[in-house]
Amino acid sequence: MTDDPFTRWQLTPVINVSGTMTRIGASRVRPDVRACVDRILTSFVDMDELQSRAGAVIARVTGAEAGCIASCSAAAMTQTVAACLTGADLARIEALPCVAGERRVLLPMGHMVNYGAPIDQAIRLAGAEVVPVGTAAACETWHLADALAGGAAAAMYVVSHHTVRENELPMDVFIDLCRDHRVPVIVDMAAEYDLTRPIELGAAAVIHSGHKFLSGVTSAIVAGSSDLIRATYLQHRGIGRTMKAGKESVVGAMAALELWEKRDHEAARKTEEARVAFWMRELADMPGVRIASHADWTGNPITRVRITIAPRTAGFHAWELAARLAGRTPSIVVRDDLVERQELYLDPCNLTDTEAALVAAAIREEADRFRTRGDGCRQGWSDVKRSREAAILGWSGNRDADP
Ligand SMILES: *Cc1c(COP(=O)(O)O)cnc(C)c1O
């Protein structure tokens, strides 16, 4: 029997041009990380000791006092919030999600994102009450000051392409105000390359996914103050048990973090920029298709290719092209969170040169096909919105499920 899951269980191969998306397996795990994980999988280890060694690695890399590994960033948010509600009190830890005392957790309204699940739920799971701060499109100092005056166990700050970008409180202003009220700030930077800034600014904890830019296994790195990290780790004796990080997650995250420390980031960036330049050449001069290079929204050192569709000239909508590409074999998954604006993005981070060439050829081919067959511009944005729920609910784990 083959040990290739794709042939053994008839899986559709995927070319990832979207960056690091959990729904398609997040990242390519690096060989050094795989070797470390392989070694621990067949061994026993004291988990307290392992997590304590992880803390030392995290502290060194991030500049924080301490650290620990969680099973993913969503779990890390629940557990750091829980830590702010219980401290290192084991009775309180076992009592969650019933909370004795203050349970308000502040979250700017513009940071109330959905990364595949709603962030406020990750907070509520601990037993906390989410208090939105500001309005959907703006957060001002007086909004935060007013919320802090009502008391809070913690405040959450999110850095992500998902958040509202304009008129939000800068991280330093947010942390300073919270510290004036002695309220610990937890920063969700799941997909951000900067491992040190929130700690420098005085955040109590900062969370990074191990399986995104770090190219590790599914996991999260939690860095922060000694007391909060201890209380976070101790949650494994309570609600953290339902989101347990196994030995493979802890070792995988540690190895990924150390690899990140010594990786040649300049060389990686050069490779990615060459890929972007290649796509810019290959996709030039297509009717109704405009190409531009685009710097990352939150300042990560990534340049992507932005493809803007003029539907009348091109003969198709951006979401129709994305759907055609995803429907091919291998399935090509582009960044499609802004398709409503007729924009698609190609991310150079997670693919090989061969795959990059395949992507360019496939985009030309699908665009030509729309033009020659005239079967584009059939599906409006409202149709897409209407059909989304059915697509989600269409999943089945039945005996006779596809193929
Ligand atoms: C991906 C992401 C998450 C969830 O991360 P997981 O590690 O997959 O749970 C949370 N917040 C933000 C901003 C993200 O980008």
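Glutamate 355 is buried, with a relative accessibility of 13% (buried means under 20% relative accessible area, exposed over 50%, and partly exposed in between, with a 1.4 Å probe and protein chains only). The model is predicted, so local features need pLDDT of at least 70 and side-chain atom pairs count only at pLDDT 80 or more, while totals for chains, interfaces and linings use all residues. Residues are numbered from 1 along each chain as its sequence is written, and side-chain values use heavy atoms, with hydrogens and water left out.

The side chain of glutamate 355 forms a salt bridge with that of arginine 28, at 3.1 Å from N to O (a salt bridge is a side-chain nitrogen of Lys or Arg within 4 Å of a carboxyl oxygen of Asp or Glu). This pair links distant parts of the chain, 327 residues apart: glutamate 355 belongs to helix H15 (residues 353–373), and arginine 28 to the loop between strand E1 (14–17) and helix H2 (31–41). Helices (H or I, at least four residues) and strands (E, at least two) are DSSP runs, numbered from the N terminus. Arginine 28 is partly exposed, at 42% relative accessibility.

The structure holds 19 salt bridges. Another joins glutamate 258 and arginine 60 through their side chains, at 3.0 Å from N to O. Glutamate 258 is in helix H11 (residues 247–262) and arginine 60 in helix H3, so this bridge ties together parts 198 residues apart in sequence. Glutamate 258 is partly exposed at 34% relative accessible area, and arginine 60 is partly exposed at 49%. Within helix H3, glutamate 49 and arginine 53 are four residues apart, about one turn of the helix. Their closest N and O atoms are 3.6 Å apart in a salt bridge. Relative accessibility is 40% for glutamate 49 and 47% for arginine 53, so glutamate 49 counts as partly exposed, as does arginine 53. A network of salt bridges links Asp296, Arg304, Arg335 and Asp347.

Helix H3 (residues 47–62) also contains threonine 62, which is buried at 3% relative accessibility. The side chain of threonine 62 makes a polar contact of 2.7 Å with the backbone oxygen of isoleucine 58, and a polar atom of that side chain lies 3.1 Å from the backbone nitrogen of alanine 64. A polar contact is a pair of N or O atoms within 3.5 Å; within protein, one must be able to donate a hydrogen and the other to accept it, and residues adjacent in sequence count only if both atoms are side-chain atoms.

Around the ligand there are 13 residues, of which Ser73, Asp188, Ser209, His211 and Lys212 come nearest (a residue is near a molecule if one of its heavy atoms lies within 4 Å of it). Helix H4 (residues 73–86) gives the most to this shell, with three residues. Oxygen atoms of the ligand lie 2.7 Å from a polar backbone atom of serine 73, 3.0 Å from a polar backbone atom of alanine 74 and 3.1 Å from a polar side-chain atom of histidine 211. On its own the ligand has 390 Å² of accessible area, of which the protein covers 93% (areas come from the Shrake-Rupley method with a 1.4 Å probe; for residues, only the protein chains shown count as cover).
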